[in-house]
Amino acid sequence: MTERRVSTPLNDDVVQQLRSGDKVLINGTIYTGRDAAHKRLVALLEKGEALPFDIQGQIIYFVGPTPARPGKPVGSAGPTTSYRMDAYSPQLIAQGLKGMIGKGARSPEVIEAMKKYKCVYMVAVGGAGALIAQSIKKSEVIAYEDLGPEAVRRMEVEDFPAVVVNDILGNDLYSEGVARYRKE
Amino acid sequence: MREVAFQDILEKVKDACMSANFELGEDVMAAFHKAKEKEESPVGREILEQLLENAKIAQKDKIALCQDTGFAVFFVDLGDEVRVKGGNLVDAINEGVKQGYQDGYLRKSICHPFTRKNTDTNTPAIVHINLVPGDGLKIVVAPKGGGSENMSRVTMLKPSDGIEGIKQFVIQRVKESGANPCPPLVIGVGIGGTFEKAALIAKKSLLRPVGSKNPDPALATLEDELLEKINELGIGPQGLGGSTTALAVHVEMHPCHIASLPLAVNINCHASRHKEIVL
């Protein structure tokens, strides 16, 4: 497993080098969004309106954190299941989104969009929200505050740990990993 | 009649909502350690180590183990000689949930099914009340995450499908769920009863200590066999490949109609959380 340190925004050169199975440590700004926020972002695109943040080169983390205790930047903040964003991700990828962090497999449509527009899908350890929160140094709501835990946040992260599952070549760590250990 | 104060129930429920989300049970921790020794995949072992580390941080800092602090599900054994003084039992539970999720900095995850508007209190809780003889009151809170609940299913098999049909359905369900429900899993299987009874006993089986055996030898054998087959799927910790797809399979059974063979598979993530209160 190759370990790579990457900083956002990501450009095509970096994205092209990332391979399924690589361990990445993400640094810089990332944005958050779950189903409800994705629905609104895509509705804006369909109306031809601007997104609440510049999506070029950015990473969206599928997360709805717990509220932060006083003095802490964020609460527990592990990934949510990604397939619920499958209906929306291709349109965001077409707009320049370069990375997504979640858990669980993506649809063929999302994987095709990742290959076409150069974007990677990474996973973080689901259910390790307390541990992951230690790499999040700042978090502020920048859009859709009414959605509560589902609001869009801008986070500053340091060495946020993730693993590349789908790269731009169409490789898929889930199917390769499972095939290696299957005994049926 | 023995009287139990509304406020006592509320306070205990409030504390239990918080501690269930901060403290992973020793049975689950022991299952992680055991799995780590047997796990063939280096990535899998690393993930299990991270889950142990995560549990330590959560307990020390009083931060939720997982950001999905769950739907607050309650199983109540209410003695028929118990009366709640100063209010209603379900109201006391709901108020305890509301205060516990607020004061514990837990995520409120309950919303309207159509508008998706959050209730902002993590209520209403799901409360299952079982009337039992005596003057005891036992309340178990089991916060249930959405990711693993989404992968759960109820099906009505044909009696001719038999035990092979049951095994096939359970294994297929876990296989199709892949990484989504956050493996390593605890899998509750309810066989028999009616449509809703199968689901209820499957869910209730998740409260058993992880890896405990059903006292019925036939069901205990089925649990072992399902666990072995599920771990042969190769899904592994977080679905990245490995030999630990499930920590345990718990099977419960209930008599069913001569025409039916109901089956429920209730999947739980590795954050198998529950706390028991005895009043």
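User: At what angle do helix α1 and helix α4 of chain B pack, and how far apart are their axes?

Analyst: Happy to start there! This is a predicted model, where local features need pLDDT of at least 70, side-chain atom pairs count only at pLDDT 80 or more, and totals for chains, interfaces and linings use all residues. Residues are numbered from 1 along each chain as its sequence is written, while chains are lettered from A and ligands numbered from 1 in the order in which they are written. Helix α1 (residues 6–22) and helix α4 (residues 89–103) of chain B pack at about 40°, with their axes 7 Å apart. Axes are lines fitted to C-alpha atoms, for helices over the stretch in contact, and angles run from 0 to 180 degrees between N-to-C directions. Helices (H or I, at least four residues) and strands (E, at least two) are DSSP runs, numbered from the N terminus.

User: Why are α1(B) and α4(B) called oblique to each other?

Analyst: Angles under 35 degrees count as roughly parallel, over 145 as roughly antiparallel, 65 to 115 as roughly perpendicular and the rest as oblique. The angle here is about 40°, and α1(B) and α4(B) are therefore oblique to each other.

User: Which residues of α1(B) meet α4(B), and how do they divide by class?

Analyst: Contact requires C-beta atoms, placed from the backbone, to lie within 7 Å. Among those in α1(B) are B:F6, B:I9 and B:L10, and the α4(B) side includes B:L89, B:A92 and B:I93. The residues of this contact divide into 11 nonpolar, three polar and two charged. Ala, Val, Leu, Ile, Met, Phe, Trp, Tyr, Cys and Pro count as nonpolar, Asp, Glu, Lys and Arg as charged, and the others, Gly among them, as polar.

User: What makes β4 and β10 of chain B edge strands?

Analyst: The open sheet runs β4-β2-β5-β10 (chain B), with mixed pairing. β4 (126–132) and β10 (275–278) each have a single partner strand, so one side of each is left without a neighbour in the sheet.

User: How do you know that β5 and β10 of chain B pair, and in which sense?

Analyst: Two strands pair if DSSP finds at least two bridges between them. Strand β5 (residues 137–144) and β10(B) have four bridges, in the antiparallel sense. In β10(B), B:K275 is the bridge partner of B:V141.

User: How many residues does each chain give to the contact between A and B?

Analyst: Chain A gives 39 residues and chain B gives 43. On the chain A side, α6(A) has the largest share, seven residues.

Note on methods:
Contact = placed C-beta atoms within 7 Å.
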